[in-house]
Amino acid sequence: MVIISRGYRVLLILSVLALLIVLYYLIDPMGQKWFPKCPFYGITGYKCPGCGSQRAVHQLLHFNFTGALQENALLIISLPYILLAFLFDYAGFKTRWPKARKVLFGFNAIVIVLLIVIGWWIMRNLFAW
Amino acid sequence: MEYHYNDGVTNYGPFTLEQLKQQPINRNTQIWYTGLPAWKPAYEIPELASLFGSPPAQGPPPVRQAYAQSPVQGQAVPKTWLLESILVTIFCCLPFGIAGIVFASRVESRFYAGDVNGAVQASHEAGKWTKIGFWLGMAGVIIYLILVFIIGVGEFAFFKNGNNF
């Protein structure tokens, strides 16, 4: 892989992120042909755990929480957890609070998260969530 | 006996004692061999002491000594790639993401069982599969955009089911 200094890599990732936020704020993925579609849904007709994420992000950026939850509730609910995980991994939280890390992201947490994702996957197809 | 050393970034090994002595190690290089409860600087390993001359003047014990009891305390868990592999699982490439999650859990269990070396290896594996999944997903998106914009294939039968995601 190309070696880029750490600072530039962070800058690159942040600017891509900013670009995506602007894009998903301005354009509603609903009905746009060129937003990537879910291959799993395309083939099977069943939603995957991530289906609706692009529309959910669009709604969230417009502060429409109800709409966002309707598109993909799991994504919206787990955003704080995802953010926390980034802080633990990249902002040095894991050395500062190793015990909290073990509880939140340790082996048991991994199993629970996996079960939640699979459960969500089944339930949303059963009940059209 | 199999020896490993760590240059601060990567683990190397296993080596025999003779091989290890040929490696670019210095007195503070972290060394570990099977049965040792924690990594130790090379000068604390009796077999290697001859490489570095006389021991340092008596002072306060090196900080790492305090952790020798338990490799878990004081050493950070190697990166587990848990979050990244879950995101990859959900958003793009299930098999690669799952492989990442399995290795992530292995990092956890090995680390807390005291097998720091094994945990670091599992961390490398987790990272590898997560990255493969991520870049495959990226490639998929780019190929899709090329198909739509340049070739103008807007409606595959494949995607006729609707516009989810």
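Among chain B contacts (heavy atoms within 4.5 Å) between residues at least 6 apart in sequence, 52% join residues at least 24 apart. The model is predicted; local features need pLDDT of at least 70, side-chain atom pairs count only at pLDDT 80 or more, and totals for chains, interfaces and linings use all residues. Residues are numbered from 1 along each chain as its sequence is written, chains are lettered from A and ligands numbered from 1 in the order in which they are written, and side-chain values use heavy atoms, with hydrogens and water left out.

Chain B holds five helices and four strands. Helices (H or I, at least four residues) and strands (E, at least two) are DSSP runs, numbered from the N terminus. The order from the N terminus is β-β-α-β-β-α-α-α-α. Of its 165 residues, 39% count as buried. Buried means under 20% relative accessible area, exposed over 50%, and partly exposed in between (1.4 Å probe, protein chains only). Chain B exposes about 8900 Å² (Shrake-Rupley method, 1.4 Å probe), with 63% supplied by carbon and sulfur atoms.

The size of an interface is often given as the accessible area lost when the parts come together. Chains A and B bury about 3400 Å² between them, 69% of it on carbon and sulfur atoms. This buried area is the accessible area (1.4 Å probe) that two parts lose on being put together, summed over both. Chain A gives 43 residues to the contact and chain B gives 34.

Two salt bridges link chain A and chain B. A salt bridge is a side-chain nitrogen of Lys or Arg within 4 Å of a carboxyl oxygen of Asp or Glu. B:Lys79 and A:Asp89 form one, at 2.8 Å from N to O. The pair runs from the loop between α2 (46–49) and α3 (82–91) of chain B to helix α5 of chain A. B:Lys79 is buried at 19% relative accessibility. A:Asp89 is partly exposed at 22%.

Over all chains, the count is five salt bridges. A:Arg55 and A:Glu71 pair at 2.9 Å. A:Arg55 lies in helix α3 and A:Glu71 in helix α4 (residues 65–71) of chain A, so the bridge ties together parts 16 residues apart in sequence. A:Arg55 is buried, at 9% relative accessibility.

In chain B, B:Glu125 and B:Lys128 pair at 3.5 Å. They sit three residues apart in helix α5 (residues 116–151), about one helical turn. B:Glu125 is partly exposed at 27%, as is B:Lys128 at 38%. Shared partners join A:Asp89, B:Lys79 and B:Glu84 into one salt-bridge network.
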